[in-house]
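Here are a few friendly notes to read alongside the model. Take them in any sequence you like, with the viewer open.

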Amino acid sequence: MKTPEFSFQGITRRFRSGNDDEFVALESVSLDIDSGSFVCFIGPSGCGKTTLLNMSAGLLAPSDGAVHFRGAPLNGVNTGVGFITQHDNLLPWRTVEKNVGIALEIEKVPRAERRLRVAEVIELVGLKGFAHQYPSQLSGGMQKRASLARGLVYGPSTLLMDEPFGALDAQLRFSMQNELLRIWERDRKTIIFVTHDLDEAILLADKIVVFGTRPGRVVHVEDVPLERPRDFAELRLSPVYGAIWERLWKLLENSEEAP
Ligand SMILES: Nc1ncnc2c1ncn2[C@@H]1O[C@H](COP(=O)(O)OP(=O)(O)OP(=O)(O)O)[C@@H](O)[C@H]1O
Ligand SMILES: [Mg+2]
């Protein structure tokens, strides 16, 4: 069997809350993410989705259990992934172009190649013409697109994306979803994508992991056997789509209750 890209093995994560009590953010999460698959995490606010992504990026250690990345235990920052975080971390003193190119600068990619790759990805996310603006001069959605460009620019084979399209208007969101699928189909990346939007999850994913709260845990894993490439307008009318939607909607409705 192929080694999974990620293997989460009995992950529990506790945090200290105010009066020295321990708060369980995630409990006993065991899950494999196949290499080359598109996996969506969905679940109510506070169920530990970002916490699990932080662990996948090696920015946070589990209290119990282990994260394996491509077969090896992860014990520090995971340099094999691109992480598009929930909150943009654009550097305010750098222009869009300079923010997007940071990873390439660190990698010492020659200036001419850097320029080209940065320009390409800026165009991809629809920010052409804004390369020389500073983050404070951009709308929220544009800042989101700039961080997306920054995550894509060095072409990591694994992407962790935390609600990347949440702040975008419907039209742009639609074109970014299509663009992401195109990149994924072309390069066969592994993508873990967090969303609150059930339609978005079904349209994008091979597999949807549904989380519940108190404590944060995996309540269900749904395979999405819809054909690719997917025509978003047509899919919504398919009975398979409808059945998945209804099943997951019920789970999400109940996911805030204790098991
Ligand atoms: N560093 C931390 N210290 C203390 N508590 C934390 C920390 N990080 C996360 N938590 C808590 O863990 C729980 C899970 O947080 P997390 O950010 O993973 O949720 P989420 O599923 O991503 O929610 P959202 O959908 O709102 O982004 C929350 O109750 C949060 O307050
Ligand atoms: Mg989150």
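1. Let's begin with helix 5, where the buried residues are Gly141, Met142, Lys144, Arg145, Ala146, Ser147, Leu148, Ala149, Arg150, Gly151 and Leu152. Buried here means under 20% relative accessible area, exposed over 50% and partly exposed in between, with a 1.4 Å probe and protein chains only. Because 11 of its 13 residues are buried, helix 5 is largely enclosed by the rest of the structure. Its buried residues pack against strand 6, helix 2, helix 4 (111-124), strand 7 (158-162) and helix 6; contact means heavy atoms within 4.5 Å. Helices (H or I, at least four residues) and strands (E, at least two) are DSSP runs numbered from the N terminus.

2. A word on conventions: this is a predicted model, in which local features need pLDDT of at least 70 and side-chain atom pairs count only at pLDDT 80 or more, while totals for chains, interfaces and linings use all residues. Residues are numbered from 1 along each chain as its sequence is written, chains are lettered from A and ligands numbered from 1 in the order in which they are written, and side-chain values use heavy atoms, with hydrogens and water left out.

3. At 26% relative accessibility, threonine 50 counts as partly exposed.

4. The protein is divided into domain 1 (1-80 + 157-259) and domain 2 (87-156), with bounds from an automatic or database domain assignment. Their contact takes 17 residues from domain 1 and 10 residues from domain 2. The C-alpha centres of the two domains lie 25 Å apart.

5. The largest nonpolar core has 50 residues, and Phe38, Phe193 and Ile208 touch the most other members. Such a core is a set of buried Ala, Val, Leu, Ile, Met, Phe, Trp, Tyr and Cys residues joined through side-chain atoms within 4.5 Å. Helix 6 (residues 170-187) gives this core its largest share, six residues. Each of domain 1 and domain 2 supplies at least three residues.
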